[in-house]
Amino acid sequence: RGDFYRLGILPDGFPGRVQDGGTVVHPIYGTYVLGTYLRRYAAKPSERLASDMLAFARVAIRRMEPYRGALVFRNPPELGFIRSPGLRYSGLTMAYYAVYLAAVGRITGDRAVAAAADGCFRSLLVPETEGGVLYTWNETDVAIAEIPGRPADLTLNGWLSILVSVHEYGAVSGSAVAKRIFRTSATTMANLLPLYDVRELRLSRYALSGPIDARLRLSDPQGEIGRAHV
């Protein structure tokens, strides 16, 4: 929906969200541009299209920064991701960049873009405790966060999309690490899937933690709530 995205274009050509009278860079918006370029190129390849998507890939990469041996595109605090305050980054965003930049690098033969794709993928391996997006527990279970935070919400559709991108990145790049993390995290997801189901309501949870809507009924409408906790 246009009213949700409130799209604006920044001076370097990168898309952002218009809010409070200005345009704030939105990291994931760049992946939509790259994805569109790649789909158009697949339908009708041309040198002009390859040149244009390479130019935009470089714009996106210039907005990233090195972090713990990886490359990250941080979420500006102005975007207001309240469950992940501060300058954090999204596993979903970086997974998209990994596979899209790998595809652009393969099409154009640009080694710098291919290297940036590898850096984006490695951002998925930085532990959440070190400012990254990778959750591990029980020595065998692994999850990659769409938006990292505590407690981990493990948003199901974001996690699924990350795994699809990791699988595609492994296929494009041949990365053995990507293939291994995909298998491990997919197994973890399979084990946790029953926790998302709410059979009595005939629905599936969006995430395993986070805010929920609740209705409170008071037996005495004139009374007061002294203490409440969950």
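User: In this predicted model, what does Gly131 touch, not counting residues up to four places away in sequence?
Analyst: Gly131 touches Tyr67, Arg88 and Tyr89. A touch here means heavy atoms within 4.5 Å. Gly131 itself lies in the loop between α5 and β6.

User: Why does Gly131 count as buried?
Analyst: Buried means under 20% relative accessible area. Gly131 has 17% relative accessibility, so Gly131 counts as buried.

User: How far apart are Gly131 and Pro148 in sequence and in space?
Analyst: They are 17 residues apart in sequence, and their C-alpha atoms are 8.5 Å apart in space.

User: What makes Thr155 buried?
Analyst: The cut-off is under 20% relative accessible area. Thr155 has 5%, so Thr155 is buried. Its place is in the loop between β7 and α6. Leaving aside neighbours within four places in sequence, Thr155 is in contact with Glu146, Tyr206 and Ala207.

User: How do you know that β6 and β7 pair?
Analyst: Pairing requires at least two bridges between the strands. β6 and β7 have four bridges, in the antiparallel sense.

User: How does the reach of helix α7 compare with the span expected at 1.5 Å a residue?
Analyst: Helix α7, residues 176-196, has 21 residues. From its first C-alpha to its last it reaches 30 Å, close to the expected 30 Å.

User: Where does α7 have a kink?
Analyst: The kink lies at Ala190, shortly before the proline Pro194, and is about 35°. That angle is taken between axes fitted to the seven residues ending at the residue and the seven starting there.

User: Which residues of α7 are buried, and what do they pack against?
Analyst: The buried residues are Ala178, Ile181, Ser185, Thr188, Met189, Leu192 and Tyr196. They pack against helices α5 and α6 and strands β6, β7, β8 and β9. In an α-helix, residues three or four places apart point the same way, because there are 3.6 residues a turn.

User: Why are β1 and β3 said to stand at the edges?
Analyst: The open sheet has three strands in the order β1-β2-β3, with antiparallel pairing. β1 and β3 each have a single partner strand, so one side of each is left without a neighbour in the sheet. The twist averages 50° from one strand to the next.

User: How do you know that β1 and β2 pair?
Analyst: At least two bridges are needed, and β1 and β2 have three, in the antiparallel sense. Among the partners, Ile9 bridges to Pro15 in β2. Helix α2, residues 29-43, packs on the sheet and touches β1 and β2, its direction making about 140° with that of β2.

User: Which residues of α2 are buried?
Analyst: The buried residues are Tyr29, Gly30, Thr31, Leu34, Gly35, Leu38 and Tyr41. Helix α2 has 15 residues and reaches 22 Å, close to the 21 Å expected.

Notes:
Residues are numbered from 1 along each chain as its sequence is written. This is a predicted model: local features need pLDDT of at least 70, side-chain atom pairs count only at pLDDT 80 or more; totals for chains, interfaces and linings use all residues. Side-chain values use heavy atoms; hydrogens and water are left out. Helices (H or I, at least four residues) and strands (E, at least two) are DSSP runs, numbered from the N terminus. The expected span of a helix is 1.5 Å times one less than its number of residues. Buried means under 20% relative accessible area, exposed over 50%, partly exposed in between (1.4 Å probe, protein chains only). Axes are lines fitted to C-alpha atoms, for helices over the stretch in contact, and angles run from 0 to 180 degrees between N-to-C directions.
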